[in-house]
Structures are given as C-alpha cells and as structure tokens.
Amino acid sequence: MAGCVSRVELTVSCRSLLDRDLGSRSDPLCVLLQEVGGGRWAELDRTESIKNSQNPEFCKKLVVDYYFEKVQKLKFAMYDIDNKFFDLNDDDYLGGIECTLGQIVSSSVFTQPLELKQGKPAGKGTITISAEEIKDTRVVYLEIEAQNLDKKDFLGKSDPFLEFYKQYDAGMWQLVYRSEVIKNNLNPCWRKFSVPLQMFCGGDFNKPIKVEFECIHPEKKQKKKSYKNSGIIRIKSCKVGVDFTGSNGDPKSPDSLHYISPDGINEYLIAIWSVGSVVQDYDTDKLFPAFGFGAQVPPSWQVSHEFALNFNPSNPYCQGIQGIVDAYRQILPQIRLYGPTNFSPIINHVARFAAHSAQQGTASQYFILLIITGGEITDLDQTRQAIVNASKLPMSIIIVGVGEADFKAMEFLDRDDGVLKSPTGESAARDIFQFVPFRQFKNAPREVLLHMVLAEVPKQLVSYYKWQGWPPVKPPEIKTM
C-alpha cells in the first residue's frame, strides 16, 4: 500500500445552480466520489445541505488522503435535497464535474462549469474548490452567546445563527463554520463547538477572523441618535487543544474516545461490557473472535481493516468478555489510530464464519457481529452490499456509535421505513442491521441501552431459521451435582 503523503481539506462553493424546487430555491448538497476502478465510483464524503440557495458556500470540509504518486480521479456531484434520507436516488441532480485531486491541489482556486452530462452544461452553474493540507493538529473550542438581539421576524422573534470566515492572502473570505439555528430567541446560547485551528485561521493566531452577524445596524444607527447596537455577542470560553490522527484521537489524551479514565472505563468498554454480558450467556464455549479496523499495525505499520485484537490472526478468539477487554487494553498502546472507517471487510469476515456454519443445515449456530465505532462510515456502498449478502446468512449486525460523529449513514442502513438495497438494487433478504447511538443512552440505566441494542436479535434469529425451515436444536442436558 502506498504511503499517504498528506491529508487535504477541500472547500466547496457554487454559483448559479439550477433551480429545481417549485415555489422556492434548491436545497443543494455536494457529494464527493472517487473512482475505484472499472468505471465504478465510491462515495468518500459529502457536505451539509443548504436551504434555498443557488449560490451555496458549504461549511463542511471534504477530507481526502492525497497520494502524490497516484492519479486520483474525483467526481463532485451536486444534488437538490428533498427529504431526510441518506439515499440520493429521489433527489434532483444539479450537475457535477470530474477531475483529478492533482488538478485541485496544484491550483490555488479550482473553478469549473457544472455539467448534467458530458457536453451538456447545467445552466450557468459553476463549482469552486480549494485545497489545504492538514498540518496543524490543534483545535479551537468555543462557547458563544448573544444578548438583546434585534427582532427580525414579523410573527415571532429572530432565529439567530453565526458564521465564521477566515481570510486568505488575497484578502478573500472563506466560510469555516456555521452554527446551528436557535429558533425564536433574542438571547441565544449556542452549543459548545470545536473547529480545527488550521481551518479556523491557518494556525496563525494573528490572522483576522470575520464573524457574520449584524450587531450594528447602519440604518438604525443613522436614524436614531440613542442607538447603541442590535445586540451583543459574548465569547463565554475559548480553548485550544490537540487533535491527533484518527477520528478517536490519541488514546493517551483525555479528549480521545479511547482514553481509559482513572476508574478504568471509556465508552468502548461500556458498550463491550453492556452487550457482551448478555450475549455471552448464549455462547457455549465463551470464546469470542475480536477484531479491530482502521489502524496502522506493527510491524509493517500498514493500515488494516480486520486485525485480531490479540495479534493472533490464526486464533483471534478471546476467553469471555473479560478476554476482549484485556486484549483491547493491551493493544491500544501498540497501534496507531488512523482510518478510514471501513465496515465491509469486518462484515465480510464474519459472514465467512456464518456461511460455513450454514452449510451444516441445522439451527445450531447464529452469529452476532457487534461493531463499536466513533467514526463516520467511509465505504457506504461496499457496506450496503456486504449487509445484503449477509442477510442470507445466520447472522445479525449491531453497530454502536460512540462520540459525537455524524452517523446519518448508519441511520440510512438501519432502514425501519423500508428494505435496504445494495448499490445494484438487490434487496436484503431480511432485516439484520441495528444501529444505536451511544450518546442517547449515556445517562440512562444500563437496561435501556441493552434493550435498544438487543431487542431485535431474537426476531432476526427466528426469522432466519423459519426462512430456512430448520427446527430448533434440542439443547444439551446440563447435569448438576
């Protein structure tokens, strides 16, 4: 595997997008795809969607691993988002471009006309992309509130939000952060947020920052001598910390999801204990294969998407849940957290176990794959295909999301509103996937988390054996002395 030269952030903005909505403007979103061979494309990342805008400036940066020695073909696709679903099949296509990452990196600003298809312009629409190498790992943490803002809405109070811009050498301003909107409030207090320092000010504390929020209203100031302002913005706290490689951070840092507190726990361990303590009672030998993914492992330090937690690929089994916990604690200092967050390799790995068991033709074994992750999924199409394939096998998949990452892709996979389909249109044979965001149950009783995680497993197990027509296997007699 070629070594990653660097990671780059891509900033995207558009002008004069097509208007596909009736009665309002389009709600655009940009999807970044990379060619993976054979004319196939895989999604790498996507921006947020912006309401009613034909000239969007996207706040979310698209992060890409940059390999100088490779030609990395990219596709930027613009969509008008009409619903809350992750799938874009029902959304209007507003145009796109194909280029290489090298073309973007070698240009200070890369602007191209959008096309609906090759040779067919998407009206007068253009896309502008700029790239910046991620060098500074520091992060700025901010808490901001405002007081006595102007009332802007006719029937209610204002719905305020903040926008932060950084200045480029040419004097241009680029959007780096957009806060949430607080509805109907003239004294808002925004949630504490963090922005990489490089994105915020290029790592230069002396660089000017622009906050887009009208606190001095020129017309009111001119008309009214007693006018002072239209509100006050107050920065409650501002701290700079360090963000290390990998979405989870350095395990030695208290900010990391993998950091083990003085009382010996973290969110990963809580999830392992909570689910494992129930599931292990239904396993006769109490031997559990345990794997990690998305890290650089010794001795070659190549990124692996399915390495045994005990560093024994030929025998990855751990004795009981305590064995998994011990292996996890021992391996943390020996690996380097990296990325990307690919789920399909580990799903396919367990599916091979399940396929071998299914050949016996009896209801003797059922596999539960528990994945605990703190990162956004980066191989969505491959994971969709892996889940659809696994739906024909005696297995269930449970993903517990820890931390504050955006887990919209997980919610798309956990389709309670319909049947999950592979990228080729093949439907899952049955529902085998369950996603649970740990943050929603952090302060709830342990039983609530267990119910959400395991509630669907019995139904999934029974549905598989009924589908196969296999009767239950009589359990062995247990003699007590």
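**Exercise 1. Find the hairpin of strand 2 and strand 3, and state how many residues lie between the strands and which residue there takes a positive phi.**

Solution. Begin with the elements themselves: helices (H or I, at least four residues) and strands (E, at least two) are DSSP runs, numbered from the N terminus. In this hairpin 2 residues sit between the strands, and Gly 38 has a positive phi near 65°. Next, look at the pairing, where two strands pair if DSSP finds at least two bridges between them; strand 2 and strand 3 run antiparallel and are joined by 6 bridges. As one example, Glu 35 has Trp 41 in strand 3 as its bridge partner.

The model is a predicted one, in which local features need pLDDT of at least 70 and side-chain atom pairs count only at pLDDT 80 or more, while totals for chains, interfaces and linings use all residues. Residues are numbered from 1 along each chain as its sequence is written, and side-chain values use heavy atoms, with hydrogens and water left out.

**Exercise 2. Locate Ser 24 and decide whether it is buried, partly exposed or exposed.**

Solution. Ser 24 lies in the loop that links strand 1 (6-15) and strand 2 (28-37). Ser 24 counts as partly exposed because its relative accessibility is 30%. For its surroundings, take contact as heavy atoms within 4.5 Å; beyond neighbours within four places in sequence, Ser 24 is in contact with Asp 19 and Asn 52. The C-alpha atom of Ser 24 is also 9.4 Å from that of Lys 51, a residue 27 residues away along the chain.

**Exercise 3. Describe the largest nonpolar core and name the residues in it that touch the most other members.**

Solution. A nonpolar core is a set of buried Ala, Val, Leu, Ile, Met, Phe, Trp, Tyr and Cys residues joined through side-chain atoms within 4.5 Å. The largest one holds 34 residues, and Leu 309, Ile 324 and Val 453 touch the most other members. Among the elements that give two or more residues to this core are helix 4 (267-279), helix 5 (320-331) and helix 9 (446-454). Helix 5 gives the most, with 6 residues. Apart from this core lies another, of 31 residues, including Leu 393 and Phe 433.

Key. Buried < 20%, exposed > 50% of the residue type's maximum accessible area, 1.4 Å probe, protein only.
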